[in-house]
Amino acid sequence: MKASDSTGSEFLSGFIAIVGPPNVGKSTLLNRLLGQKVAIVSPKPQTTRNRILGIYQGDGYQMIFIDTPGIHRPKTALHQSMVASAKASLSEVDIVLMMIDMSSPASPEVPGILKSLRTTGRPALLAINKIDLGPKDRILPIIDTFHRRHSFEAIIPISALQGGGLDALINELKRWMSPGPAFFPGDMKTDQSELFLASEIIREKIFLHTRKELPYSSAVSVEKMEDRPGRDLLSIAARIHVETPSQKGILIGEGGSMIKTIGRASRIELEKIFGTRVYLDLMVRVEKNWSRDPRALRRLGY
Ligand SMILES: Nc1nc2c(ncn2[C@@H]2O[C@H](COP(=O)(O)OP(=O)(O)OP(=O)(O)O)[C@@H](O)[C@H]2O)c(=O)[nH]1
Ligand SMILES: [Mg+2]
């Protein structure tokens, strides 16, 4: 695949995979580009577990981004499924956008990711993220090192959080779009269902409010989502799956304090997203070792 040399008025489109180590800001970038939250974000690694599609609508072009789980060394069946879906995205796109964190450019996952890039042979750009955390004089040596490590088409310093460098990034990506149809309607930002989005928002609050292994031992499934006619109320029932009874105890918290905190934070955001009042019913259920059990994983959507 080579950069499009189309200069006429033809519509341009293409697919872009955002890949990188965990926690470098891939989902933050997607949300920032779309101006809307389609992917959950947290300060903890391994937040994203599925591929999240985001549609960037430009003037005369459409870029389809695929946000992927951070690539790391898998220890459980869940990790394997996460890493496999990230790697599968590499070979399905027009251009790969690899992302690293400026403050840890030499993270242990990087060699493996560069190797996957070489294997798939797709053209790749590198975004060095979190440049707002400075210092600026560290950027040039990183650019230099990565140009030597892989034949990146371009290396662009950005701040996904604050927006720095994103115009340059979009301009560079645009060169890799080719004449072709709009794959999605012009006002569409993502293809994920409301059910999936709701379960992700709840999972994000678990990531934000719990510690240690709990975020990694939790999965969320929305069992029911119903409009209450004439009452401006969306009723959502969701189940949080944990792996042990003691995790269930921590997640519920003393006198139900933890589950109330997670429920309240989730409800507030769901009301914003769906533009209606939300009634949220959360249940916690022990599903022994679900993250190691391929059948349970499939049931939970991984
Ligand atoms: N200062 C700063 N923080 C950022 C930037 N981009 C992302 N972050 C923060 O980095 C953390 C991780 O962001 P995510 O977007 O969840 O990272 P990710 O790469 O999607 O992580 P995984 O899904 O776990 O692989 C969050 O706390 C973000 O707020 C940035 O440009 N600057
Ligand atoms: Mg993510």
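Me: Is N23 buried or exposed?
Reply: In this predicted model, N23 has 21 C-beta neighbours inside 10 Å. A residue with 20 or more such neighbours is classed as buried. N23 therefore counts as buried.

Me: Where is N23, and what is its phi?
Reply: N23 sits in the loop between β1 and α1. Its phi is positive although N23 is not a glycine. The value of phi is near 75°.

Me: Which residues does N23 touch, not counting residues up to four places away in sequence?
Reply: Contact here requires C-beta atoms within 7 Å. With residues up to four places away in sequence left out, the contacts of N23 are P45 and G70.

Me: How many Å separate the C-alpha atoms of N23 and Q46?
Reply: Q46 belongs to the loop between α1 and β2 (52-58), while N23 belongs to the loop between β1 and α1. In sequence, N23 and Q46 are 23 residues apart. In space, C-alpha to C-alpha, their separation is 6.9 Å.

Me: What does L34 touch, not counting residues up to four places away in sequence?
Reply: L34 lies in helix α1. It has 17 C-beta neighbours inside 10 Å and therefore counts as partly exposed. Leaving out residues up to four places away in sequence, L34 touches G54, Y56 and K189.

Me: How many Å separate the C-alpha atoms of L34 and G186?
Reply: Along the chain, L34 and G186 are 152 residues apart. The separation of their C-alpha atoms is 13 Å.

Me: Why does the span of helix α2 agree with its number of residues?
Reply: Helix α2 (residues 77-90) has 14 residues. The expected span is 1.5 Å times one less than the number of residues, so α2 should span 20 Å. Its end C-alpha atoms are apart by 20 Å.

Me: What covers the buried residues of α2?
Reply: The buried residues of α2 are L78, S81, M82, V83, A86, S89 and L90. Their cover includes β1 (12-19), β3 (61-67), β4 (95-101), α3 (110-120) and α9 (294-299).

Me: How many Å separate the centres of domain 1 and domain 2?
Reply: The chain is divided into domain 1, residues 12-179, and domain 2, residues 194-299. Taken over C-alpha atoms, the distance between their centres is 28 Å.

Me: How do the residues of domain 1 that touch domain 2 divide by class?
Reply: The contact takes 13 residues from domain 2 and 9 residues from domain 1. On the side of domain 1, they divide into 3 nonpolar, 5 polar and 1 charged.

Me: Is D187 buried or exposed?
Reply: D187 is in the loop between β7 (178-179) and α6 (194-209). From D187 to R73, 114 residues apart in sequence, the C-alpha distance is 37 Å. With 7 C-beta neighbours inside 10 Å, D187 counts as exposed.

Me: Which residues does the cis peptide bond join?
Reply: P135 is placed in the loop between β5 (124-129) and α4 (139-149). The omega of the cis bond is about -10°. The residues joined are G134 and P135.

Notes:
Residues are numbered from 1 along each chain as its sequence is written. Chains are lettered from A and ligands numbered from 1 in the order in which they are written. This is a predicted model: local features need pLDDT of at least 70, side-chain atom pairs count only at pLDDT 80 or more; totals for chains, interfaces and linings use all residues. Helices (H or I, at least four residues) and strands (E, at least two) are DSSP runs, numbered from the N terminus. A residue is buried if 20 or more other C-beta atoms lie within 10 Å of its own, exposed if 12 or fewer, and partly exposed in between; C-beta atoms are placed from the backbone. Two residues are in contact if their C-beta atoms, placed from the backbone, lie within 7 Å. Domain bounds come from an automatic or database domain assignment. Ala, Val, Leu, Ile, Met, Phe, Trp, Tyr, Cys and Pro count as nonpolar, Asp, Glu, Lys and Arg as charged, and the others, Gly among them, as polar.
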